[in-house]
Amino acid sequence: MKKAVLIVVAALLIPCPSLLFGIQDVFDTWQDKHLLSDGKNTILDVPYVQTESYIVQEMLSLLDLQGSDVLYDLGCGDGRIVIEAVKKKGVRGVGIDIDPRRIAESRANANAARVDDRTLFLQQDLFISDFGDATALTLFLLPELNLRLRPKLFRDLKPGTRIVSHNFNMGDWEPDRTAFAGVWEDGPRYIYFWVLPANISGRWQGSYKNDEWMLTIRQRFRRSMGACSSTDRPSSPF
Ligand SMILES: C[S@@+](CC[C@H](N)C(=O)[O-])C[C@H]1O[C@@H](n2cnc3c(N)ncnc32)[C@H](O)[C@@H]1O
């Protein structure tokens, strides 16, 4: 049965070599986008797709960057977001990408833009890299990768760090702002913006006017709920 299918496919393809080459082209493009050139056939977590320059500007404007900021782009591609931020806003910029080709391109682009003294491009896996000194972060990954990354963002980043994501949100961590970035050939695009909230969850104890009180706070992202009790009064939710 398998042999018969093969014969039929071959009979269809042999008279049409352009179809065969077309398939090879499609495979080469897929391979170029998804595979790391490390000889181990490592599949990228997300293929290389560039953020359009108009959207880069919108992302940077949402971040409202100042000269003292340290901006990281996780999965930096050719370094365009980092380089633009350093050129326009005078920040320090770090790009992280697992693909050595992207890091080589980023370094060459930073050199051509004369910003290599304020940029750093590191070939690393973003899920294990150390970006705790970031004050601003840009992402263009995938929804499931944003969700996988979310616990690390809360663990490693300082409260107040600003984050923008091109087109993909963070599930039930609602953005502080959403900007419409126009309709493109693949449909409407959005940019999501968050400020990392401080972790205030837990039990807090104190005294007020000779009263001892206990405050228990439960937190889910920027929403928090708590109950306050004192030694001689029942607990009250707020
Ligand atoms: C959609 S592109 C975004 C490129 C750039 N940030 C932009 O917006 O133009 C995603 C990038 O993430 C990189 N990447 C994929 N998996 C990664 C991983 N685990 N760690 C670091 N970079 C990764 C890819 O090589 C690719 O360059």
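## Overall make-up

The protein chain of this predicted model contains six helices and eleven strands. Of its 238 residues, 27% are buried. When contacts between residues at least 6 apart in sequence are considered, 56% of them join residues at least 24 apart.

## The seven-stranded sheet

Seven strands form an open sheet with mixed pairing, and their order is β3-β2-β1-β4-β5-β7-β6. The edges are taken by β3 (119-123) and β6 (177-184), and because each of these has a single partner strand, one side of each is left without a neighbour in the sheet. On average, and with direction ignored, neighbouring strands of this sheet are turned by 15 degrees against each other. Helix α5 (residues 100-112) packs on the sheet, where it touches β2 and β3, and its direction makes about 165 degrees with that of β3.

## The nonpolar core and its helices

The largest nonpolar core has 39 residues, and those with the most contacts inside it are M59, L71, Y72, V82 and A85. Helix α3 (residues 53-63) gives the most to this core, contributing six residues. In soluble globular proteins, nonpolar side chains tend to be buried together. Leaving aside residues up to four places away in sequence, Y72 touches V94, I96, F131, A134 and L137.

The buried residues of α3 are I55, V56, E58, M59, L60, L62 and L63, a list that includes the charged residue E58. What covers the buried residues of α3 includes α4, β4 (136-139), β5 (162-166), β6 and β7. Helix α4 is mostly covered, with seven of its ten residues buried, namely R80, I81, V82, I83, E84, A85 and V86. The cover over the buried residues of α4 includes α3, β1, β2, α5, β3 and β4.

## L139 in strand β4

L139 lies in strand β4 and counts as buried because 25 C-beta neighbours fall inside 10 Å, where 20 or more are required. Not counting residues up to four places away in sequence, L139 touches L74, N146, I163, S165 and H166. Although L139 and N167 are 28 residues apart along the chain, their C-alpha atoms are separated by 9.1 Å.

## Surroundings of the ligand

There are 23 residues around the ligand, and among these D45, T51, G75, G77 and F140 come nearest. The elements that give two or more residues to this shell are α4 (80-89) and β2 (92-97). Sorted by class, the shell has eleven nonpolar, five polar and seven charged residues.

## Positive phi values

K209 has a positive phi near 45 degrees and lies in the loop between β8 (202-208) and β9 (211-220). N210, which is not a glycine either, has a positive phi of about 65 degrees and lies in the loop between β8 and β9. K209 is exposed because 4 other C-beta atoms lie within 10 Å, and N210 counts as exposed because 5 C-beta neighbours are found inside 10 Å; the cut-off for this class is 12 or fewer.

Methods. Residues are numbered from 1 along each chain as its sequence is written. This is a predicted model: local features need pLDDT of at least 70, side-chain atom pairs count only at pLDDT 80 or more; totals for chains, interfaces and linings use all residues. A residue is near a molecule or strand if its C-beta atom, placed from the backbone, lies within 6 Å of it. Helices (H or I, at least four residues) and strands (E, at least two) are DSSP runs, numbered from the N terminus. A nonpolar core is a set of buried Ala, Val, Leu, Ile, Met, Phe, Trp, Tyr and Cys residues joined through C-beta atoms within 7 Å. Two residues are in contact if their C-beta atoms, placed from the backbone, lie within 7 Å. Two strands pair if DSSP finds at least two bridges between them. Axes are lines fitted to C-alpha atoms, for helices over the stretch in contact, and angles run from 0 to 180 degrees between N-to-C directions.
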